[in-house]
Amino acid sequence: MVAQTSGLPLRAAGGDVDANQYGQDGTNFFPGAYSLGEILEKEGYNQRLMMGSSRDFAGRGKYFTQHGNYEIQDVYWAREQGLIPEDYWEWWGFEDRKLFEFAKDSITELANQGEPFNFTMLTVDTHFEDGFATEETPNLFGDQYKNVIFDNDRRLMVFLDWIKQQPFYENTTVILVGDHLTMDSDFFDEEDPLYPRTVYNTILNAPLEAIQTKNRQATALDMYPTTLAALGATVQGERLGLGTNLFLSVKRLLNSSDLMHCIQN
């Protein structure tokens with residue numbers, strides 16, 4: 001999440017660090033980084049981060065409040081709002097089927113303010129071993145992880161269809177991106193070991209089209225300038241931090257023999 005929004009590897013915070021533990025220590029999260037949130041805050045965007053888990057895990061709340069002044073809506077926020085019982089806790093907090101419904105109300109509230117907004121949400125049902133299944137999860141594949149992926153994908157489609165029907169969609173860009181490869185330990189045991197595992201990403205309703213959309217190497221770092229470009233912003237030199245705008249055919253750090261320059265703020 002840090003790489004995607006700042007173009008910088010969290011490792012730069014202090015060498016070989018445990019990224020999840022880093023956020024638990026101290027009061028400042030990655031000082032000196034200049035992120036997507038800070039750029040959008042300067043441009044007058046109202047910003048929210050919604051997730052069914054806790055803001056405290058890995059210091060996510062610190063990062064997004066210190067780098068963009070995001071309003072954090074997590075499992076504890078949902079309890080305070082009476083959206084779930086005070087003692088409610090499933091999986092990592094509350095499940096994605098609730099997250100999608102809560103997100104509709106939150107996005108509608110932001111859109112009705114008549115100001116630009118950045119709403120970021122983090123799904124979690126497909127995270128870690130076997131995913132999170134309920135009685136409502138259809139058993140179509142005889143494998144819980146496959147069932148959870150199918151069910152979440154279907155719910156995501158319904159959520160996206162809802163967004164497309166909203167009056168704000170014409171002027172709204174939607175970005176879908178994974179934060180890492182699957183952590184399920186045996187899901188790929190029966191697959192070809194040479195199968196190229198990748199992190200899914202797609203961008204909807206951007207004001208421009210990518211020159212190359214398939215078989216292109218990229219890293220999470222590249223999502224920083226790419227996100228800004230997807231919003232219609234001009235990125236000088238097409239690079240920010242260690243990331244490169246993926247809409248264009250520009251040499252990237254991943255396949256470059258020279259160090260990509262960092263833009264200082």
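This is a predicted model: local features need pLDDT of at least 70, side-chain atom pairs count only at pLDDT 80 or more; totals for chains, interfaces and linings use all residues.
Local features were considered at pLDDT of at least 70 and side-chain atom pairs at pLDDT 80 or more, whereas totals for chains, interfaces and linings use all residues. Residues are numbered from 1 along each chain as its sequence is written, and side-chain values use heavy atoms, without hydrogens and water.

Most residues other than glycine have a negative phi. Phe-30, which is not a glycine, has a positive phi of about 55 degrees. Phe-30 lies in the loop between α2 (19-22) and α3 (36-42), helices being DSSP runs of H or I with at least four residues and strands runs of E with at least two. Phe-30 is buried, with 6% relative accessibility (buried, under 20% relative accessible area; exposed, over 50%; partly exposed, in between; 1.4 Å probe, protein chains only). Trp-91 also has a positive phi, near 60 degrees, and is placed in the loop between α5 (75-80) and α6 (96-111). Trp-91 is partly exposed at 29%.

Leu-140, Phe-141 and Phe-150 make a nonpolar surface patch of about 290 Å². Phe-141 sits in the loop between β3 (117-122) and α7 (144-164) and is partly exposed at 43% relative accessibility.

The buried residues of α6 include Leu-99, Phe-100, Phe-102, Ala-103, Ile-107 and Leu-110, together with Asp-96, Arg-97 and Lys-104. The buried residues of α6 pack against β1 (46-51), β2 (71-73), α5, β3 and α7 (contact, heavy atoms within 4.5 Å).

Conventions
Patches are made of residues with over 30% relative accessible area and no salt bridge: like charges are joined within 9 Å, nonpolar side chains (Val, Leu, Ile, Met, Phe, Trp, Tyr) within 5 Å. Accessible areas come from the Shrake-Rupley method with a 1.4 Å probe; for residues, only the protein chains shown count as cover. A salt bridge is a side-chain nitrogen of Lys or Arg within 4 Å of a carboxyl oxygen of Asp or Glu.
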